[in-house]
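Please look at the sequence and the model before reading on.

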Number of protein chains: 2
Amino acid sequence: MKTFADIEGVKCWGVKEGKNGLGIVVCKGRVAAVYTTNRIKAAPVRYNMESLKGEIEGIIVNSGNANAFTGRKGLENAKKMAVLLASRLGCSYDRIAVASTGVIGRQLDTGLIEKMFEEVYSKLSTGKEAAEAFARAIMTTDSFPKLYSAGAGDAVVAGVAKGAGMIAPNMATMLAFIFTDADFEAEELQKMLKEAVDRSFNVTVVDGDTSTNDMVILISTGKKRVGKDAFQHALLEVCVNLAKMMARDGEGATKLMEVVVKGARNEEDAFKAAKAIASSLLVKTAVFGNDPNWGRIIAALGYSGVDVDETITLDFASADGRTVRLLERGVATGEENEAAELLRGTQEIRIVVNLHKGEAEGYAFGCDLTYDYVRINAEYTT
Amino acid sequence: MKTFADIEGVKCWGVKEGKNGLGIVVCKGRVAAVYTTNRIKAAPVRYNMESLKGEIEGIIVNSGNANAFTGRKGLENAKKMAVLLASRLGCSYDRIAVASTGVIGRQLDTGLIEKMFEEVYSKLSTGKEAAEAFARAIMTTDSFPKLYSAGAGDAVVAGVAKGAGMIAPNMATMLAFIFTDADFEAEELQKMLKEAVDRSFNVTVVDGDTSTNDMVILISTGKKRVGKDAFQHALLEVCVNLAKMMARDGEGATKLMEVVVKGARNEEDAFKAAKAIASSLLVKTAVFGNDPNWGRIIAALGYSGVDVDETITLDFASADGRTVRLLERGVATGEENEAAELLRGTQEIRIVVNLHKGEAEGYAFGCDLTYDYVRINAEYTT
């Protein structure tokens with residue numbers, strides 16, 4: 001599989017020293033971005049929202065410190081990071097995107113960032129090794145680097161992400177950077193990015209906490225002309241697969257949970273119902289316990305706010321394609337033992353609900369809630 | 001402290017055999033009720049919503065089976081429970097309130113209920129022992145019976161509740177029954193009950209899952225005339241204290257968490273912000289780990305949707321009145337060690353936030369998220 005550092009004109013690198021990392025991507029192109037809806041926005045989020053204006057030359061990201069709730073000084077430090085890279089590239093600092101992830105409420109150690117910058121800048125390169133070095137440098141509680149790419153006609157869409165929760169333990173953040181050589185105007189890119197994010201990262205739940213630092217950036221070098229549909233499709237494929245990697249890597253998770261809701265009155269209802277099931281602590285703990293406890297799924301559907309009644313059909317399916325039906329139009333099949341066995345034997349569980357109310361379909365991604373989630377988040381000390 | 005079974009005209013009893021219990025209260029009076037907002041409503045909820053019409057003579061409650069997602073037969077069984085008690089009292093069955101709590105999706109064992117009915121009916125009596133027998137009969141994962149009373153002038157307001165989560169492990173339910181001898185019209189009772197529930201049970205979060213069976217019923221025997229303000233005050237006191245007992249008894253909880261938000265622009269914002277903090281898994285796990293991780297509180301405030309900025313003041317306070325300030329108008333005080341010590345030494349933690357945006361105040365009740373919550377909910381087998 002190609003990586004983003006295989007796209008013509010893209011170079012990157014990254015280093016990590018203990019909990020602190022620095023990654024740089026150099027890439028001339030048009031930019032689109034989607035940011036956290038949290039009212040308390042981290043300094044780099046605010047910096048990008050104010051500075052980025054359609055054209056970009058590079059990205060600089062640190063891990064270990066979120067630069068969030070850090071006031072005016074935090075904003076100055078975010079700009080300092082941009083200037084560091086801009087001065088080397090000989091461009092204006094408003095052509096550099098900045099991102100941070102880590103502990104909330106501490107000022108950046110800019111000396112450390114400057115030191116790491118020299119090493120990273122000197123090693124900027126193309127190819128898989130470079131992409132992985134960047135992907136590892138921006139990890140916090142992640143247990144593996146997250147890279148994915150898809151083709152769109154002649155063009156490539158390739159992304160990199162980090163995140164093991166909508167917010168990780170005192171660490172903020174889900175970050176994703178997506179690159180393409182497909183040629184679209186910045187305005188079109190923005191619209192397509194928003195649509196893809198709504199159907200991928202925004203339907204992914206680890207703990208329901210939305211971070212102060214979330215950021216998805218899409219950059220197009222504009223070298224290849226491809227159809228809009230093919231591009232949108234590839235972009236969604238990249239976003240969905242990065243989102244699923246985050247759910248699979250959810251803090252303490254042992255199982256990826258994919259919820260599909262069919263037969264809803266409209267798409268909004270379908271996605272809302274799927275997200276309610278994927279968010280329910282009782283469903284998440286049941287999945288951890290390999291317990292096909294469908295009463296909890298029914299309860300979550302009931303409080304999701306969508307139009308449901310008792311004529312629901314419910315299937316559990318495993319990664320290898322086995323399916324067990326638990327409810328057939330509201331009637332329990334009594335197949336709990338078979339469903340429990342299916343749960344025990346898979347690390348990817350699909351919960352498929354048919355509401356029998358219409359034709360619309362939606363989905364959500366999540367993971368189970370385990371002892372390790374509690375351990376990671378209770379024992380992490382500020 | 002008086003119990004509801006000390007109010008003139010009130011008699012009750014309850015028995016429990018293994019996971020199944022039955023409780024009865026006999027009490028002529030006016031009735032007000034608030035039910036779950038879950039779209040999938042249990043049979044007893046639907047039964048009461050259709051039948052109860054301002055006047056009531058008794059309540060019959062079973063535990064161990066929620067009689068939820070049980071279709072037409074479930075509704076017939078709820079009516080059967082009402083008829084059982086109505087025929088002994090010589091009243092119409094629409095003067096009996098029915099409640100159930102327990103596993104979702106199984107038909108009631110009406111034979112068992114009839115058998116237990118005889119024993120309970122023969123022992124109906126007044127006083128503390130009777131109230132406790134009823135309170136224990138309706139418990140599921142609760143670890144203690146929940147009774148509270150308050151005076152309102154000459155009158156008494158006394159309640160009983162069960163619940164260890166908005167929904168317990170595959171068990172549905174929070175149930176509360178409140179009794180008074182204060183004389184008010186059914187319409188006034190309804191309005192005052194709604195107001196008290198909104199400021200007590202509805203700001204209490206264990207896991208965020210809203211059950212199919214939630215129900216709060218208020219019955220007035222109408223023997224005493226008291227002022228409306230005094231009554232409303234006593235009613236709120238009873239509801240708040242029963243709600244706090246539920247949070248303290250939250251599944252696996254080791255600490256009661258009380259969140260107070262001051263200085264909000266309006267009351268709605270204040271309650272919304274408090275509920276967001278009390279609901280955050282990251283705040284709940286931090287409290288379990290005795291970690292004064294204020295970044296998580298800030299993040300929850302930020303995504304709560306209320307008007308906040310970085311000039312927040314934040315205190316942690318213990319049950320015995322000690323207070324540690326962590327943020328002073330947005331500036332960290334560095335008192336994390338003192339706050340951690342305070343957390344370690346208390347089973348009741350108050351998190352007090354001042355937004356400095358206005359004069360309004362709100363609160364919420366919750367509990368920590370522990371290994372035992374995961375154990376209880378993952379290892380419970382259907």
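How far apart do the C-alpha centres of domain 1 of chain A and domain 2 of chain A lie? The C-alpha centres of these two domains lie 32 Å apart.

## Basis of the model

This is a predicted model, in which local features need pLDDT of at least 70, side-chain atom pairs count only at pLDDT 80 or more, and totals for chains, interfaces and linings use all residues. Residues are numbered from 1 along each chain as its sequence is written, while chains are lettered from A and ligands numbered from 1 in the order in which they are written.

The average pLDDT of chain A is 91, and 97% of its residues score at least 70; pLDDT is the predictor's confidence in each residue, on a scale from 0 to 100. For the model, ipTM is 0.83 and pTM is 0.85. Where pLDDT is low, predicted coordinates should not be read in detail.

## The two domains of chain A

Chain A comprises domain 1 (4-248) and domain 2 (256-379), with bounds that come from an automatic or database domain assignment. Contact between them involves 11 residues of domain 1 of chain A and 13 residues of domain 2 of chain A. On the side of domain 1 of chain A that touches domain 2 of chain A, six residues are nonpolar, three polar and two charged. Here Ala, Val, Leu, Ile, Met, Phe, Trp, Tyr, Cys and Pro count as nonpolar, Asp, Glu, Lys and Arg as charged, and the others, Gly among them, as polar. Two residues are in contact if their C-beta atoms, placed from the backbone, lie within 7 Å.

## A buried strand residue

A:Val156 belongs to strand S6 (residues 155-162) of chain A. Strands (E, at least two residues) and helices (H or I, at least four) are DSSP runs, numbered from the N terminus. A:Val156 is buried because it has 24 C-beta neighbours inside 10 Å. The cut-offs are 20 or more other C-beta atoms within 10 Å for buried, 12 or fewer for exposed, and in between for partly exposed, with C-beta atoms placed from the backbone.

Leaving aside residues up to four places away in sequence, A:Val156 touches A:Lys2, A:Ile7, A:Ser149, A:Gly151, A:Thr180 and A:Asp181. Its C-alpha atom is separated by 7.0 Å from that of A:Ala182, 26 residues apart along the chain.

## Positive phi in chain B

B:Phe69, which is not a glycine, has a positive phi of about 60 degrees. B:Phe69 sits in the loop between strand S3 (55-65) and helix H2 (71-89) of chain B, and is buried because 25 other C-beta atoms lie within 10 Å.

B:His356, also a residue other than glycine, has a positive phi near 55 degrees. The loop between strand S13 (348-354) and strand S14 (360-367) of chain B holds B:His356, which counts as partly exposed because it has 15 C-beta neighbours inside 10 Å.
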